[in-house]
Amino acid sequence: MNNWRQNWQAGLLPGLSITGFVILARLLGLFQSIEWKALDTALQRRPAETTDPRITVVTLTEEDIQTTLGYPITDQDLATLISELQTYDPRVIGIDIFRDQPVGEGFAALEAELTSANNVIGIESIEAPSVSPPPMLPDSQIGFADAIVDNDGRLRRSLLGNADENGNYRFSLTIQLAQA
């Protein structure tokens, strides 16, 4: 009985010391860069996911901006793009372009297109400094585009919902699109 007690006491002090050190180091963030590296490596090594055939992503490339559209894309060009996309009868169209004020010609056409379409979701920024959403879209058709960037400058997490500066709870563009 005495031998068991001595072994237990001899193991307790070093074990608690090491456990305490690890907990303290973790709370101080000393392992953060190692954890991020392990996460990044695990995510890079996972098998590629198949693309959902129901989703189409339309992007404006640097070549589009240099040759055809210019920067920033005008309201008329955006209205034409939305009108063209509507001919395919999409369930939802997400516009990840900040458009809180008119840009170039065609604001009336963009306003008409966004007002008549109940399947278009625009974006806003709710973190300071905030960027207002397109004024012609109702709140139910707006999602925020704010994200959390880690201290090493990488984006690993996404906000799904957050309160704006007035305390109103808002959903992200991602959630709004998934919900639709």
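Predicted model: local features only at pLDDT ≥ 70, side-chain atom pairs only at ≥ 80, totals over all residues.

Trainee: Which elements give two or more residues to the lining of the largest pocket?

Mentor: With about 1,100 Å³ of space in the largest pocket, the elements giving two or more lining residues are helix H4 (75-86), strand E1 (93-94) and helix H6 (173-179). The lining has 25 residues, and those nearest the centre are Ile55, Thr56, Val92, Ile93 and Gly94.

Trainee: How many nonpolar, polar and charged residues does that lining have?

Mentor: By class, 18 are nonpolar, 3 polar and 4 charged. Gly counts as polar under that scheme, so Gly94, one of the residues nearest the centre, falls in the polar class.

Trainee: Now the surface. What makes the nonpolar patch, and where does Leu24 lie?

Mentor: The patch covers about 810 Å² and is made by Ile18, Phe21, Val22, Leu24, Leu28, Leu30, Phe31 and Ile34. Helix H1 (residues 2-27) gives the most to the patch, with 4 residues, and Leu24 lies in H1.

Trainee: Why is Leu24 called partly exposed?

Mentor: Leu24 has 47% relative accessibility. Exposed needs over 50% and buried needs under 20%, so Leu24 at 47% counts as partly exposed.

Trainee: On to charges. How many salt bridges are there, and what makes Asp75 and Arg99 one of them?

Mentor: The count comes to 10 salt bridges. For Asp75 and Arg99 the N to O distance is 2.4 Å; the cut-off is within 4 Å, so the pair qualifies. Asp75 lies in helix H4 and Arg99 in the loop between E1 and helix H5 (107-116), so the bridge ties together parts that are 24 residues apart in sequence.

Trainee: How do you know whether Asp75 and Arg99 are buried or exposed?

Mentor: Asp75 has 0% relative accessibility and Arg99 has 7%. Buried means under 20%, so Asp75 counts as buried, and Arg99 does as well.

Trainee: Which residues do salt bridges with shared partners join into one network?

Mentor: Asp40, Asp150, Asp152, Arg154, Arg156 and Arg157 are joined that way.

Trainee: Why do Asp40 and Arg154 get their accessibility labels?

Mentor: Asp40 has a relative accessible area of 12%, so it is buried. Arg154 comes in at 44%, so it counts as partly exposed.

Trainee: What makes Arg54 and Asp52 a salt bridge?

Mentor: Their closest N and O atoms are 2.6 Å apart, and the rule asks for within 4 Å. Arg54 is exposed at 73%, whereas Asp52 at 26% counts as partly exposed.

Trainee: Last one: what is the phi of Asp89, and where does Asp89 lie?

Mentor: Asp89 has a positive phi of about 55° although it is not a glycine. Asp89 lies in the loop between H4 and E1. Its relative accessibility is 67%, so Asp89 counts as exposed, the cut-off being over 50%.

Conventions
Residues numbered from 1 in each chain as written. Heavy atoms only, no water. 1 Å grid on protein atoms, 1.4 Å probe; cavity = no way out; pocket = protein on both sides within 12 Å on 5 of 7 lines; lining within 4 Å. Points joined across faces, edges and corners; volume = space filled by probe spheres on them. Patch = residues over 30% accessible without salt bridge, like charges linked within 9 Å, V, L, I, M, F, W, Y side chains within 5 Å. Areas by Shrake-Rupley, 256 points an atom, 1.4 Å probe, with all protein chains shown as cover. Salt bridge = Lys/Arg side-chain N within 4 Å of Asp/Glu carboxyl O. Buried < 20%, exposed > 50% of the residue type's maximum accessible area, 1.4 Å probe, protein only.
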